[in-house]
Amino acid sequence: MNRLELIDEMHLLEAEHGRVREIAEQLPKFCLRTDENTPCASCGSLLVAQCANTVTNSLVVLQSFSTMHFAHEEKIMRMACPGHDFDRRFATHIADHGALTSELARISSQESSTSPAGMIGKLAQLLEHWLRNHLAFHDEALTAYLERSCR
Ligand SMILES: [Fe+2]
């Protein structure tokens, strides 16, 4: 990958990270009752159905987006860092992609047995981890590495 291609890919990745921030900001706004014991009990059936729909749509968006985004990021890592140094540098980052993917699948499997508000709370927690741990640690380190590679 030449320098200009790498800069283009970094811009694309930053736009994708912006999408994660957007989803993380929007999702908790759908329900303010996620801390209650039975958070959907005080809402009418129409509102609960709308929230259930929001959860289903959010799961579809998050699963397809994360699959695309993690594959994109890992492709760039491989292109920017060929050879024996790759595993040492990126193994824990890629493992965290796997952990986020597994956690999303685990939350998704609870959809039929969890209230919409409960699901929104779980997804909001996952996204918070994604932003606070993954993006702030692994993705920032990747960006710094790519920036050094571009010089
Ligand atoms: Fe990442």
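A: A crossing of two helices is called left-handed if the near helix is turned anticlockwise from the far one by less than a right angle, and right-handed if clockwise. In this predicted model, helix 1 passes helix 2 in a crossing of the left-handed kind. Two packed helices are described by the angle between their axes and the distance between those axes. For helix 1, which covers residues 3-26, and helix 2, the angle is about 150° and the axes lie 11 Å apart. Because angles over 145 degrees count as roughly antiparallel, helix 1 is roughly antiparallel to helix 2.

On the side of helix 1, the contact is made by Leu6, Glu9, Leu13, Glu16, Arg19 and Ile23, which meet Leu62, Phe65, His69, His72, Glu73, Ile76 and Ala80 of helix 2. Sorted by class, this contact of helix 1 with helix 2 comprises 7 nonpolar, 2 polar and 4 charged residues.

Helix 2 itself runs over residues 45-80 and includes Thr56. Thr56 is partly exposed, because 14 other C-beta atoms lie within 10 Å, a count in between the limits of 12 or fewer for exposed and 20 or more for buried. Between the C-alpha atoms of Thr56 and His138 the distance is 28 Å, with 82 residues separating the two in sequence.

As for the setting of this helix pair, the protein chain has 4 helices and 0 strands, and its C-alpha trace spans about 55 × 25 × 20 Å along the principal axes. Of the 151 residues in the chain, 17% are buried.

Definitions and conventions. Residues are numbered from 1 along each chain as its sequence is written. This is a predicted model: local features need pLDDT of at least 70, side-chain atom pairs count only at pLDDT 80 or more; totals for chains, interfaces and linings use all residues. Helices (H or I, at least four residues) and strands (E, at least two) are DSSP runs, numbered from the N terminus. Axes are lines fitted to C-alpha atoms, for helices over the stretch in contact, and angles run from 0 to 180 degrees between N-to-C directions. Angles under 35 degrees count as roughly parallel, over 145 as roughly antiparallel, 65 to 115 as roughly perpendicular and the rest as oblique. Two residues are in contact if their C-beta atoms, placed from the backbone, lie within 7 Å. Ala, Val, Leu, Ile, Met, Phe, Trp, Tyr, Cys and Pro count as nonpolar, Asp, Glu, Lys and Arg as charged, and the others, Gly among them, as polar.
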